[in-house]
Amino acid sequence: SGENLPGAGGRRLRGSGSPSRPSLTLSDPPNLSNLEEFPPVGSVPPGPAGTKPSRRINPTPVSEERSLSKPKTCFTSPPISCVPSSQPSALDTSPWGLGLPPGCRSLQEEREMLRKERSKQLQQSPTPTCPTPELGSPLPSRAGSLTDEPADPARVSSRQRLELVALVYSSCIAENLVPNLFLELFFVFQLLTARRMVTAKDSDPELSPGVLDSLESPLFQSIHDCVFFAVQVLECHFQVLSNLDKGTLKLLAENERLLCFSPALQGRLRAAYEGSVAKVSLAMPPSAQAVSFQPETDNRANFSSDRAFHTFKKQRDVFYEVLREWEDHHEEPGWDFEKGLGSRIRAMMGQLSAACSHSHFVRLFQKQLLQMCQSPGGAGGTVLGEAPDVLSMLGADKLGRLWRLQERLMAPQSSGGPCPPPTFPGCQGFFRDFILSASSFQFNQHLMDSLSLKIRELNGLALPQHEPSDEDGESDVDWQGERRQFAVVLLSLRLLAKFLGFVAFLPYRGPEPPPTGELQDSILALRSQVPPVLDVRTLLQRGLQARRAVLTVPWLVEFLSFADHVVPLLDYYRDIFILLLRLHRSLVLSQESEGKMCFLNKLLLLAVLGWLFQIPTVPEDLFFLEEGPSDAFDVDTVAPEHGLDAAPVVDQQLLYTCCPYIGELRKLLALWVSGSSGRSGGFMRKITPTTTTGLGAQPSQTSQGLQARLAQAFFHNQPPSLRRTVEFVAERIGSNCVKHIKATLVADLVRQAESLLQEQLVTQGEEGGDPAQLLEILCSQLCPHGAQALALGREFCQRKSPGAVRALLPEETPAAVLSSAENIAVGLATEKACAWLSANITALIRREVKAAVSRTLRAQGPEPAARGERRGCSRACEHHAPLPSHLISEIKDVLSLAVGPRDPDEGVSPEHLEQLLGQLGQTLRCRQFLCPPAEQHLAKCSVELASLLVADQIPILGPPAQYRLERGQARRLLHMLLSLWKEDFQGPVPLQLLLSPRNVGLLADTRPREWDLLLFLLRELVEKGLMGRMEIEACLGSLHQAQWPGDFAEELATLSNLFLAEPTLPEPQLRACELVQPNRGTVLAQS
Amino acid sequence: MILTKAQYEEIAQCLVSVPPTRQSLRKLKQRFPSQSQATLLSIFSQEYQKHIKRTHAKHHTSEAIESYYQRYLNGVVKNGAAPVLLDLANEVDYAPSLMARLILERFLQEHEETAPSKSVINSMLRDPSQIPDGVLANQVYQCIVNDCCYGPLVDCIKHAIGHEHEVLLRDLLLEKNLSFLDEDQLRAKGYDKTPDFILQVPVVMLCPLAVEGHIIHWIESKASFGDECSHHAYLHDQFWSYWNRFGPGLVIYWYGFIQELDCNRERGILLKACFPTNIVTLCHSIA
């Protein structure tokens, strides 16, 4: 996953995580010192790349040469110098007393070949394949088919000694004298599945058992020894094994060697497998869900200026654009985060000038981080909430299979060996690279602040505590929920702590080796005065005291895993490591007692601590040089009766999610299966994903004093769900109360403010005075009313809380318990609401009034919202009228035909015009789809149409003779228009345009000029009250000012006089000729 | 009307250098009788706008403006009733309404003391009666009513179409009993980006190809054809922004879209050409 942490890269297991199963060939005893076959854990393959310090599983050398004074080599790394640089030493003087078998020189060749073959394989397939290259590789030194040598309990060479060694070794593991429990188990599993090839017909070169069972003879000379030892050890650790996931148990139970060497253990494992419900899924979440926009935190009111608000709006979009691009490309070969996105990210960060914007962005970043990376197998809360519905619709089977398939394809196949360096798998890589590319000091600081705060908050969360009294049927249901909640909190904490560690130690990490000597002293002096980014020491101490190690330690480990080399040397952090070491030593799995830590809780802590102790920056000697665990450790924890540690909060899903490397055990076994028996079944077994839900809001403990103590006591003997319910109700009702006050009291005050402001504006004239001053006046009048808020709030909580509590608690809750619960809920809700209201109500009123004032003042501006009361369509209307857009477009077509240019065959029929106006009427009467601009344009177009009718400019389709509209038809159409204007238009109709020079001018072009329609129209307008006589007079008057041809001006003047003189003239066929000169007109009419 | 990219390109090919007139539209309809008129008009309009955006600058050089203005003046001196401006626009392959604006601006510069403000020009284009010169007023009016891609009337039609489809969508949502917040409500709450509708309770749209269906949080109505250019602009300015805030959602291109553009379904942006029929709500019923 693009890991390039300096200093950590070298610790990965060879072949980046393909668990290597030793393969042995004929007459080659399992050579535990052979770094090829039992590679150091976390080592790089020996090669030209050079070697890095590494650790390997190196079982205890039971040898006198190793005095107790050098305990650091026990169980853990060999001295660095032991790691061969490029070739395994041919003359291995192994502390195991394994004399190098004869023929090793010729083996050298074979090894070389094997190495080549393997590297070829590694290049070909990045996923772990079953490494059985020996089967096909030609071996020049011998011919014949090779088979797996079966392990045979009858042929174990030094049974007694092996038993003793196994006992000592097991005890060390059991007492936590080894740094990493799972690393040792991994080694044992390696032994169990060790392989040795023999030619089918070859006889066993070994001597018969017993003959060589003397102290001088080397141990582990054969496969049989190895398997025997492994099974012996496993027998001692059945309890741990039985708590592994179901898949691993199945593989163990089906392991034929185990069956062969210890049928009893196999039987117990089979039983454990059958009883196990610990199915584990490590599928990665599906693609990203964005953080939703919440007006309460994200709207304009949360920003200092419009500019900041809009800048952030853009940034949010850039952030997701970058994220999507990363999703699309990060798996493409050759794609580089920095090259692809770096400059865009920095440009975006560059815009975050205001500190407030930084905090907004960091909030988004952190939320998105939690949403995307919190846990494998679980996406965002909303998706999970909806999934079951779809699922039930479609049949869970179909979907379930789909998910399994998806998981098989998407789940990480390898976590990088049993002890991988800290990584940022999957989406986490995006956030890591984002931080690196942004390289913004401000961003990092804000991010650390925010992460620290969230960590404190989650770490301090009052997680429900195990209560022994609550052991009846419902407890199971309750525990499921609690476990899920714990898992969500823990995984969130780990994620946040990992990033906090990453950012906090970023400036101190580099590729260079840790400093030594004087340089180290001066660095220590410098660093020791730097305060820690988060007081993790105190948090750890408190966590241990409160018996919440199971919550605190796993995230602390994530945080510390990013520490640089200097950190463990600082007093502050050294204290932490000592505490952790003592804790580690105290977590003896076999010691189980009432009120102590649960088994799986311990297992989780052992796993994460063991992993931490293998991190390169943690000095190796820390584990061994430190004084033994002080007996005082247990005394330190003056614990409450039932801490979180004693609660069964960890399950296998959580264990494997936190420590995916435990899954390496299973891969070893699976490889064995796929290699040994020709069964081609993949090692990914059917796995059903388990789900987690979002973290429910947790109330903070607010109540104090006697009442609070009584309430605590009340809850103590009630099921935890009761307390959760009450706290939840109180939290919600309190919050709703504030919302309610906003919507009622504050809204009322705002309305008052608006009307007061209106009065002010009326009395003071349009300008109304200085807005700031206005605001002050209004606030001084209105803010005192805020005092009512408390009384109203109290009333609200009193009214709402009991019902909610009643609805959520079981019907059977005793009346007294119920009423107490209700009262507590009322009290808590009131307390919460009133605390907020008394602190914020005045500011809230001010803010809302201010917004109202600016709104009102803006509405006063250049665009007065002159919206009259608009009628909707009638009740019976079914909204089938033609759409306004269609009509505008139709009328536009008529207009364009009329105005031209047009083809000779183009025109409209009178019926079409009539139909069009009819449709216009329908549309205007059905208001459903009509918006004001459309109505305005329709009004304007209808006036244009009328003008064209009056001027007889509309080309009519029909028999060639009839190119003009008949008079009667024209009048009918004008009547329709008049009625539309009168009855149906609700907005203003620009009728004065009928008398605009341009429209009247249309008449000038017609020959003969027909004035009667215009006169008719004007009279009708007056008659219908659509235009006033004065108005028309004024329009006609202004028409005279325009420049007209002489005769037209004359005719116009006559029309004007006619209109003014004879208001009630019947409708004659008025012609231009009649208006002016009868004889000349006749001539014109005939032309 | 969902078109494949090839189908779309066939149509677009026919639209190269076609003037935005009534007649062109008629021909287009004859050429593609199986496509809906609204889809064709939408595609035509978008293609033409792309063309104009590409060539806009060359019509706005001072030399070009001067030459157009002189041609206009010469034309109307010869015959003020002839469609001088419209012919000019068609000849130089520019939108008539935009040509009208260009010439009007130039005219006002010459006749007024101060440079005309944008709002004055817009107002005159909306109501040419306000243009002080009668001949120019008629010429401008002719350009506007004959332009089917630009101009105040076309703008109004587009706006009306958009509004009508939003109303249509709102009705469908009400009919299906899906509660929602509309743009105005969202703006009042201070949302920085506002789709047409946010569903208060998300729904799932089932489709044959996606077993799990698609979750829909918001719906955006687009009364146009979704071509590559406009879709990418919308993605950048609107759809992804909605996704960034509200999660996956649905875009309805009422006049169709290019099939190949519907490629972000899995990501959470779904395209449809009508209101989906196969919607599942939280209460397990198929609407």
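Predicted model: local features only at pLDDT ≥ 70, side-chain atom pairs only at ≥ 80, totals over all residues.
**Chain A overall**

I began with chain A, and its secondary structure comes to 42 helices and three strands. I then checked how much of chain A is covered: of its 1087 residues, 51% are buried. Taking contacts between residues at least 6 apart in sequence, 82% join residues at least 24 apart.

**One helix in chain A**

Next I picked out α7(A), which runs over residues 246-253. Is this helix mostly covered or mostly open? Mostly covered, I found, as seven of its eight residues are buried. I wrote down the buried ones: Lys246(A), Gly247(A), Thr248(A), Leu249(A), Leu251(A), Leu252(A) and Ala253(A). So that I had the start of the helix too, I looked at Asp245(A), which caps the N-terminal end of α7(A). A side-chain oxygen of Asp245(A) sits 3.2 Å from the backbone nitrogen of Gly247(A).

**Where B meets A**

Then I turned to the interface. I found 56 residues of chain B in contact with 57 residues of chain A. Interface size is often quoted as the accessible area lost when the parts come together. Here chains B and A bury about 5000 Å² between them, and 59% of it is on carbon and sulfur atoms. Which residues of chain B lose the most area to chain A? They are Arg22(B), Tyr141(B) and Arg267(B), and together they account for 13% of what the chain B side buries.

For polar contacts, I noted 21 residue pairs between chain B and chain A, counting pairs with both residues at pLDDT 80 or more.

**What chain B brings to the interface**

Last, I asked which elements of chain B supply the side that touches chain A. Those giving at least two residues each are the helices α2 (22-31), α8 (134-146), α9 (152-175) and α11 (228-246), plus the strands β3 (197-207) and β4 (210-222). I noted that α9(B) gives the most, with 13 residues. By class, I have this side of chain B down as 30 nonpolar, 13 polar and 13 charged residues.

Definitions and conventions: Residues numbered from 1 in each chain as written. Chains lettered and ligands numbered in written order. Heavy atoms only, no water. Contact = heavy atoms within 4.5 Å. Buried area = accessible area lost by both parts, 1.4 Å probe. Polar contact = N/O pair within 3.5 Å; in protein donor to acceptor, adjacent residues only side chain to side chain. Helix = DSSP H or I, 4+ residues; strand = E, 2+ residues; numbered from the N terminus. Nonpolar A, V, L, I, M, F, W, Y, C, P; charged D, E, K, R; others polar. Buried < 20%, exposed > 50% of the residue type's maximum accessible area, 1.4 Å probe, protein only.
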